[in-house]
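User: I'm new to this one and would like to learn how to read it. Could you walk me through a few features?

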Amino acid sequence: MKFYQRLAYYLVGLVMGAFVVALVLSGKDTRCNYFPNARVLNDLRNKPFNYSIEASRKLSEDWIDTIDIKNTLTYGDVDFDKSNVVYQKGKLYIIEGKTTKNDTITLRVINYPSKAVLEDIIRKK
C-alpha cells in the first residue's frame, strides 16, 4: 500500500472518530476540571451558596456586589497554603480575586458537604 493510500485511510478514520466523539459528548454537561483550583471553585459554585451576617453587611456597602463574588468564584485563585483547613465542621477556603472596579478582594468560604457559606470579604487596596 502506498503512502497516500495509508494517509487517506488514516484521515478517514480520524474524521469518523472525531465525529463519534463529538456526537457522544455534545449532549452532556461535561467539564474537564483536572486542576485543584478549578475543582474547588466548581464544587463551591455547584452547591447552595449562603452568606454570613458579616458578608451580607459588606455586600450592602457600595464597593462590592454579588457579581464580584460570582466572578471570583469563577476566575479566582485558591490559596491552598491557607486553605483546606477543617473549620466549623467544614473546610475553609481562601479565594483571591478582583472586583469590577479592579480592587483586589479575598473571600473566606466554608465548604460544607451540602452547602457553601461566604464567611467574610476582605478588601485589599
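User: Let's start with Asn-42: is it buried or exposed?

Analyst: Keep in mind that this is a predicted model. The general idea is to check the relative accessible area, where buried means under 20%. Asn-42 comes out at 13%, so it's buried. You'll find Asn-42 in helix α2.

User: Which residues of helix α2 are buried?

Analyst: Helix α2 spans residues 36-46, and its buried residues are Val-40, Leu-41, Asn-42 and Leu-44.

User: And what covers those buried residues of α2?

Analyst: Look for elements in contact with them. The cover includes the helix α4 (66-75) and several strands, among them β1 (49-51), β4 (90-98) and β6 (116-124).

User: Where is Asp-79 placed?

Analyst: Asp-79 lies in the loop that links β2 (77-78) with β3 (85-87). With a relative accessible area of 17%, Asp-79 is buried. Leaving out residues up to four places away in sequence, Asp-79 touches Ile-94 and Glu-96.

User: What about Leu-23, buried or exposed?

Analyst: Exposed takes over 50%. Leu-23 has 58% relative accessibility, so it counts as exposed. Leu-23 belongs to helix α1, residues 3-26.

User: Which residues make the nonpolar surface patch of about 590 Å²?

Analyst: Leu-23 is one of them, together with Phe-19, Val-20, Val-21, Val-24 and Leu-25.

Key: Residues numbered from 1 in each chain as written. Predicted model: local features only at pLDDT ≥ 70, side-chain atom pairs only at ≥ 80, totals over all residues. Heavy atoms only, no water. Helix = DSSP H or I, 4+ residues; strand = E, 2+ residues; numbered from the N terminus. Buried < 20%, exposed > 50% of the residue type's maximum accessible area, 1.4 Å probe, protein only. Contact = heavy atoms within 4.5 Å. Patch = residues over 30% accessible without salt bridge, like charges linked within 9 Å, V, L, I, M, F, W, Y side chains within 5 Å. Areas by Shrake-Rupley, 256 points an atom, 1.4 Å probe, with all protein chains shown as cover. Salt bridge = Lys/Arg side-chain N within 4 Å of Asp/Glu carboxyl O.
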